[in-house]
Amino acid sequence: MGNLLKATLVLLLSQSLGAEEVFTIPRDKPWDTWDYPRDLINVTPEGIQVKRFSAQYNALTDASQFEIAPVGAHGQGIARTPSNPQQIDRVHDQRPDTWWRPDPSSPLDDWWVEIDLRRIVLAEKIRLVFPDTLGARPFRFFSVYTSPGLEVAASPGSIYFTRVGGTIKANTSRLVEFELKAKNPSEATGQYLDPSDELPFDLVRFIRFQVEGPLEDAALAEIEVQTAGENIALRLEDWGGQITASARSYGVGLLLNGDLNSRGGWGIEHNAGRQEGWRSAGMWFRLDMLNTFRIDRIVWLPIVQSASPWFYSIAQDRQSGWEGTTFKLSDGSPSASIAGIIPEEGNYTYEILSEINNDVSPQSWIFDLQFPPQSARLLFWHYDRRLSFGWTRALQLFVYHAEGYPARVAMTSGFIDFGAARSISRLEWDADLPAGTQVQAQTKTGNTFETVKHYFAKQGTQEVEVTEDKYLKLPKISQGRITEEIRPGTDWSDWSDLHSFSGATFLSPTPRRFLQARVFLASQDPQAMPVLRSLSLLYNPPLVANGLTGQVLPRQAPLDSLQAFRYTIWPQYSSADRGFDQVILQVPSPVQEVQSFVRGRPVEGIASQEGDSLLVRLPQRVLRDSVEITFRARLLENPTVFSAMVRNSAVAGVWQGVVPRDSEAEKVYVPAIYQRQSLLHNLACERVFTPNGDGINDTFELRVNVIRTERRPQVRLYTLAGAEVAELIPPQGGGQPLVYVWDGRDPKGGNVPPGLYLLRLRLETDASSEELTRLVCVAY
């Protein structure tokens with residue numbers, strides 16, 4: 001639905017609103033029935049609240065939320081010890097007033113504690129908290145070790161620990177801290193890449209605290225692991241996100257599992273030395289986080305030949321040099337590509353974050369990118385050098401959220417049943433909205449559901465989905481489950497345009513019996529976020545209880561040629577209907593020769609158009625007769641969609657949508673659009689104008705139609721010597737043709753000298769660019 005059409009509806013509805021019924025969430029349908037990312041969005045007694053991320057935190061506070069495979073005896077619990085194991089969970093209960101004390105009768109070699117963080121983290125500091133009270137004192141002598149959790153290939157079930165610190169003289173402090181570092185001597189370069197030979201963190205999964213001298217009453221209260229922040233990559237699958245890679249790769253999900261011990265990690269097999277681009281080689285992945293986060297750090301951990309430090313675990317015969325890689329971010333804005341959806345990136349607009357050159361000596365084995373917070377929904381990576389090895393593998397991707405709230409999160413309702421068709425007029429919500437925050441909503445509606453069966457065949461211990469025909473041909477022993485999926489029928493609409501304020505006109509087809517809603521909580525301020533308390537739908541009985549259907553003819557038209565069209569509406573009459581006497585139709589701008597017909601006979605309708613909204617007032621109320629609106633228009637989009645709504649002027653505040661008679665009934669196709677190579681069409685301008693203030697030919701106008709993209713051309717004027725004298729501002733709104741106007745003045749506001757000037761029009765899209773030039777003469 002066009003913006004002007006929505007504005008027209010808001011104006012008409014605001015003139016007089018009648019008594020309406022209200023369906024409210026959570027009163028009539030609790031929030032817990034909605035689909036939303038748990039922990040990122042939380043339902044509280046105060047309303048819907050969004051998680052606030054910390055810059056640093058103790059990785060042990062939420063270790064229990066993660067699942068990871070043990071390595072032999074390591075990782076059988078968050079904490080373990082052979083001495084007094086009944087008390088071991090006290091070292092990570094976030095309480096300094098409880099502690100673990102080893103059994104004095106056990107040998108000193110058993111006086112150790114091992115912690116499993118249940119995922120790999122970038123650990124900056126390990127903090128030991130000891131009690132110092134009657135009967136409980138700090139340990140005097142001890143060492144601390146860490147491990148990334150990689151299994152030693154030559155000794156299955158064992159891992160390698162590195163000592164990161166310990167006591168030299170007797171300790172008496174209640175708090176002891178060890179800062180962690182990682183060696184990365186490298187000449188690699190790239191935007192936002194930390195160039196230091198020593199990084200301020202280490203990769204840690206296991207921590208071991210080893211007592212080296214017995215002391216009566218010595219105890220340990222807490223082990224804390226301070227990390228660089230919260231790695232949201234670990235939670236993205238739980239939060240609805242998805243990582244996608246080429247069909248030539250395997251195991252891309254291992255990049256986000258927090259486990260370096262996944263043998264081989266993510267891998268791509270390709271032809272060594274072949275001169276092919278990263279697209280054809282399959283050297284890419286796309287991470288769609290579904291929600292929009294504020295990202296300020298990415299750490300990339302590939303397996304780099306001769307540089308990665310864990311050769312005791314990683315096979316050395318399948319490694320790459322990782323000479324060059326590129327990272328790009330997108331906030332989810334659609335791409336203006338004229339070539340349709342790009343298979344690798346998806347149909348989104350990206351900005352390059354960093355292009356890394358690792359074709360150096362020594363090479364880097366870990367890449368730490370730190371940058372100002374950026375709103376990002378998608379992260380895209382690709383290789384950008386010649387493929388020098390037959391295998392390319394990587395272990396892990398870390399994505400860190402900046403301190404504060406996400407930029408935008410979403411939650412989706414289940415299917416809401418009103419019990420009968422209802423004509424919904426408005427969508428309202430009750431929320432706290434600090435400055436810079438916003439609540440938005442989308443809806444879709446329908447009347448039917450369909451049952452779809454899914455058939456599965458047994459393959460060993462797995463089941464794979466197959467067609468019904470293939471399933472029926474399988475022997476009984478190979479036939480697996482048959483499941484049923486209930487999903488919306490073909491009459492359901494797509495997601496509506498955004499409802500951007502409380503009380504907005506309802507934008508999905510109505511009346512309908514069923515509805516689904518999607519709510520967005522957004523903020524431009526990382527320190528603020530809205531709190532949503534309720535969502536309400538205001539509705540009336542429909543004007544036509546059984547609905548209206550419509551279609552436009554013809555279904556195909558030439559490009560930018562004045563053509564006749566006929567839009568027909570058929571009411572599905574019932575005795576309780578109140579009927580309608582107004583039609584609002586979304587059309588191209590402008591239209592001509594509008595006429596109205598009821599049951600095939602011409603009537604004196606009153607037509608008015610504002611932008612893409614054509615309002616037709618009929619002379620009488622219509623109950624069961626067909627209504628036709630004819631007009632002439634030029635089409636510049638493929639397909640051009642004509643949608644309609646009706647209203648009864650005697651029933652305040654109720655508009656009812658017209659449903660397409662079939663899936664293509666509101667679409668007119670313009671195939672010539674894709675037969676043209678140029679995106680610029682029907683450019684016209686005066687070659688001479690006289691800006692002398694006499695009211696005749698005082699301004700220069702350039703008119704142009706743009707097809708197959710929503711981008712707008714850049715228009716500039718130059719002297720013949722190449723000096724820029726004016727940039728014409730792109731027109732606002734979506735109407736065509738686009739009109740650019742110049743009054744003959746330079747950037748300082750003075751009149752330009754008479755003479756010839758070069759006009760340059762340039763249109764850039766993601767796939768290509770196009771440029772046209774014209775000479776313009778200024779005369780006085």
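Visitor: Which side chain is joined to that of Arg 279 by a polar contact, and at what distance in Å?

Guide: The partner is Glu 345, whose side chain is joined to that of Arg 279 by a polar contact of 2.8 Å. A polar contact here is a pair of N or O atoms within 3.5 Å; within protein, one must be able to donate a hydrogen and the other to accept it, and residues adjacent in sequence count only if both atoms are side-chain atoms. The model is predicted, with local features needing pLDDT of at least 70 and side-chain atom pairs pLDDT 80 or more, whereas totals for chains, interfaces and linings use all residues. Residues are numbered from 1 along each chain as its sequence is written, and side-chain values use heavy atoms, without hydrogens or water.

Arg 279 belongs to helix 2 (residues 278-281); helices are DSSP runs of H or I, at least four residues, numbered from the N terminus. With a relative accessible area of 37%, Arg 279 is partly exposed, that is, between buried (under 20%) and exposed (over 50%), for a 1.4 Å probe and protein chains only. His 382 lies 103 residues from Arg 279 along the chain, yet their C-alpha atoms are separated by 8.3 Å.

As to confidence, the chain has a mean pLDDT (the predictor's confidence in each residue, from 0 to 100) of 88, and 92% of its residues reach 70 or more. Residues 1-18, however, have pLDDT below 50, although this stretch makes 42 contacts in the model beyond near neighbours in sequence, a contact being heavy atoms within 4.5 Å. Where pLDDT is low, predicted coordinates should not be read in detail.

Notes:
Helices (H or I, at least four residues) and strands (E, at least two) are DSSP runs, numbered from the N terminus.
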